[in-house]
Amino acid sequence: MPIRVLKFGGSSVANAENINRVISVISTSLNKNQAVVIVLSAMGGTTDALIEAATIASKGDITYKEKLQDIEQRHLSTVKELFPLDQQSSILSRVKKRCNDIEDICNGVFLLKELSGRSKDSISGYGEILSSLIFSEKLMSTGINNSWKDSRELIKTDSEFGAANVDFDKTDKNIKSFFSSVSENIIVVPGFIASDKNGNTTTLGRGGSDYTAAIIAAAADASVLEIWTDVSGMMTADPRLVSNAKIINHISYEEAMELSHFGAKVIYPPTIQPVMNKKIPVSIKNTFLPNEEGTLIQTGIAKDESSVRGISSIPRLALLSLEGSGMVGIPGFSKRLFEALSGEKINVILITQSSSEHSICVGVEEINSARAKEVVDKIFAYEIGIKKVQPLVVETDLSIVALVGDNMKNHTGISGKMFSAMGRNGINIRAIAQGSSERNISAVIGSRDVKKAINVLHEEFFETTYKQVNLFICGTGNVGSKLLSQLQQQQKHLREHLRLQVRITGITNSKKMFLSDDGIDLSNWREKLQSGEPANLSEFISTIKKKNLRNSIFVDVTASSEVAECYPSLLEKSISVVACNKVAASSSYEYYKKLKDLAREFNSLFLFETNVGAGLPVIGTLNDLLRSGDKVNRIEAVLSGTLNFVFNNYNGEKSFAKVVRQAQDEGYTEPDPRLDLSGTDVMRKIMILARETGENLEMEDITNNSFMPASCMTGDVENFYSEMEKNEEHFLKLIEEASKAGKKLKFLARYENGKASVGLQSIDPRHDFYHLYGKDNAVLFYTDRYPEQPLVIKGAGAGAEVTASGVFADIIRASAPTN
Ligand code: ADP
Ligand code: ASP
Ligand code: MG
C-alpha cells in the first residue's frame, strides 16, 4: 500500500485550535488505499522551554520548577480544550506521568549542577512525546483509528547528543519491518527524537522533526513527503526579513538543499538527502492556508528560467584568516588547518583562498571562533614562532548572504549584479565564495547589513515590480512642503512609470521630527510631524544610519549650515544627499571636494541641481557637456531670480525697498534677502558652476561689483529695508540712466579663464538677457562645441514650486542611478 508521510511543525500544533485544524487537514485527505504516517513536532516553543528549564536547574536555580509547571499547565489545558470531560482523565494522567518524568530528570540535574548532553536530549525530547500522544488520542476521539509509535524504536543513531548521526542500515531495517507488520493505516510518530545503541534518547538537531519524517519516508518508500508549516512554502527569501518574499512553487532538491543549508529555516537541512536519494517528492504546505499550492521539491531544474531561485543568510559567522609568506607554494597548509578544525568538531561553512596562496580564509560558527584560534595557533606554533605564518586572525559579527539557483551557471553577470547592488548600498563585502557547481554565490558581510543586503538583492533579482526608495526629508518650509505635496501627487506615477516605491521614512524641521519604518502617509504629514518628538538633528541623522535601510536618500530643503555639516557622515554610509541648500557646495573648496570624493568612494550621490537656477537643468547639462568631452570656455548668466524680479518690477512708482519686500513675500528670495541683494547668492552660484567645470575657486576669488549702498548691508534685515528706503534716489538713478540709453538692468555673472565676476549691467535689446521677464534665469555656455552661439538654458529661476520640482528630479536621479 502506498504511504504518505506528513509532518506538522511546532506552530501547527501550538494550541488546541491549531491541532483541530491539523485534524481537519488530515481527515479531508484520508484515503482507504493509502497508509499515512504523521510526524509531529513539539507544541511551538516547548523545546526551548524544556532546554531553558534544564539549564536553569543545572545552575542550581530552583526556579526551573516554575518553568516545568508552565510546560505542564500548557499541555494539560490543551487536553482540557481538546477532549470532552468524560475522556479527559486517562489522557491527563498520561501527560502528567511524562511531566513527572521530566521533573525527575531535572531534579537530578539540579542536584548535580550538571547538564550532560545525554540528560539534555532526554529532557528536550519530551516535547514531541507529549504532543504526539495528545494528538494520537485526539485522532482516536475524532473516530480516526491510529497507532502511536515511539520513533526511538525506529531511528537509531550514534551517541552525539544534540545532533546525533543516523545509523541508516539499522534504521531502514527497523522501519521496513515495522511497516510490514503494522495493522493500522495511520501511524502517529514523535519527531526529533531517536535512540543510541544503549537505548538512550538522542535528538536529531534543532528543527529535526523534518528529518525524522524524511528518514521514515525514504525507508518506507513513501510516495510523498508533506511538510506542513506556517508559511505557504519555501520562499525567495526569509519572509521575516523581506516583506515581498514570494513562494517558490517548484524547486530542485539541490536548490532546496542549498537554500536550507544557507539558512532557509523552513526546512531542516539534512532533510533533503534521504528523500532525494529515493526521488520522493517533497511538498511544503501551509496548515493555516491548506488550499495554497505550496512548494514542490523534486528532481531536475524547475520549469521557469529564473536564474536565482532564492536568497538566504547564515547569521553569527566568524572568519578565520591564516596568512603568511611561508604558505606560498608549500602543500599541506590547508590540510593541517582543516584537520585542526575537524579535530575540534568545528564545522567549516565557507572557504576562500586567494590565488596567491598567501592566505586562506574560512568561515565557521561564531561560537567556535575562540576554540578555533586556540587549536590553529597551536598546530602552527612552529611556523608562527619563525614568523612564516601569522597568528590566526579572527573576525566576528559577520554573516553570509547567498544567492542560490541551478540556473545561475547559464547566466553571465549574476555575481557582478549582486556585488554592484550591494556596493551601491554601502555594504562592505569581506569574502566571497562560489561553489564549483555554480549553484551558490556567497558573500560574507557585517551582520548589521544583513537585512539591508537581502532586501537589496531581493529587489535586484526578484522584484521586477518596483524598487523601494527611503527618503528622509529635512526642512518643511516653502520648498519642503511643496516637495512633499509633489511627492504625494506623483506617488502613483512613480510606481507605474518608473517602478519606484518612494517612501518618506522620516521628516524633520527645526521644531519636530517624526520617523516611521512603514512610511509616512503624505496626506497628513503635518499632523504626524506635530505628534513627533522634539527635533534633534544629530539624533535624526544617527537614526537614519542606524536604520540602515536600502536606497536611503537624505533631502536637505533647509538653508542651514548645521544641516550641511552632516553630509559627510551620510555619504560615507552610502546614503545619497540631495540638497537645495547651497551652503555645502558653496563653502570652502576643500569641503565641496571632500563631499564629491566621499560620494564617489562610497557609491552615494551628492546632488544639488537646484543650487543654480532652481528647477532649471543647469548643473546636469553642464555635467553632460563635460562628461561627453566638451570644454567650457565661458559662462554668462543671470542667476538671480530675485534680482531679475526686482529690476523687472521696479519703475519708480513703488520704492525699491517695497519691490524687494514684495519679492520676499512672494517667496523669491533667500530666507535672508540680503544674500540676494548683495550679490552674494549669485557669487555662490557662479562659483558652483565654475567648480563643476573643475575650477578650484573660493568666494574671495570672485569680483563683486555691488550696486547696493554700503549702509544697507550693515545691521539686521529691518535696517536693510529702512536704509533702502533712505537710498531710494540711488536706485532711481540706476534705472533712469539705463532706460535713457534704451537698456535694462540685469545682474550678471561671468566666468572665463579661471576668473569669475558678478555685477549690475545695462543690457541692450539685442542681447539674450534683455528679454528675461519676471523671475527668469538664463545661462549661456560657450564651449568648444558651442563657440559662437552658446547653449542657452532659460526659464523660471526662483520659486518654491520649481525648486521643489528640481529637488524631485534629483531624488529620481539618486533613486535610479543606473538608468
Ligand atoms: P515548523 O515549526 O513548522 O517546523 P519553522 O519555524 O521551523 O516551522 O520554519 C518555518 C519558518 O521558516 C517560517 O515561519 C519562516 O519565518 C522561516 N523561513 C526562513 N526562511 C524561509 C524561506 N526562505 N522560506 C520560507 N520560510 C522561511
Ligand atoms: N521541537 C524541535 C525543535 O524545536 C524539533 C522541531 O520542531 O523540528 O527544534
Ligand atoms: Mg522547522
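Colleague: Which residue in strand 21 stands opposite N470?

Modeller: S552 stands opposite N470. Keep in mind that this is a predicted model.

Colleague: How do strand 17 and strand 21 pair, parallel or antiparallel?

Modeller: Parallel, over five bridges. Strand 17 covers residues 467-474, and strand 21 covers residues 552-556.

Colleague: What is the strand order in that sheet?

Modeller: The order is 20-19-18-17-21-22-23. That makes seven strands in an open sheet, with mixed pairing.

Colleague: Which are the edge strands?

Modeller: Strand 20, at 533-534, and strand 23, at 606-607. Each of them pairs on one side only.

Colleague: New topic. What is the order in the sheet of six strands?

Modeller: 25-27-26-24-28-29. This sheet is open too, and its pairing is mixed.

Colleague: Why is one side of strand 25 and of strand 29 left without a neighbour?

Modeller: Both stand at the edges of the sheet. Strand 25 (702-705) and strand 29 (791-796) have a single partner strand each, so one side of each has no neighbour in the sheet.

Colleague: How many degrees is the twist?

Modeller: From one strand to the next, the twist averages 20°.

Colleague: How many bridges join strand 28 to strand 29?

Modeller: Six, and the two strands run antiparallel. Strand 28 spans residues 776-783. In this pair, N777 stands opposite G795 of strand 29.

Colleague: Which strands does helix 22 lie across?

Modeller: Strand 24 (632-638), strand 28 and strand 29. Helix 22 is made of residues 618-627 and runs at about 10° to strand 28.

Key:
Residues numbered from 1 in each chain as written. Chains lettered and ligands numbered in written order. Predicted model: local features only at pLDDT ≥ 70, side-chain atom pairs only at ≥ 80, totals over all residues. Heavy atoms only, no water. Pairing = 2+ DSSP bridges. Helix = DSSP H or I, 4+ residues; strand = E, 2+ residues; numbered from the N terminus. Axes fitted to C-alpha atoms, helices over the stretch in contact; angles between N-to-C directions. Contact = heavy atoms within 4.5 Å.
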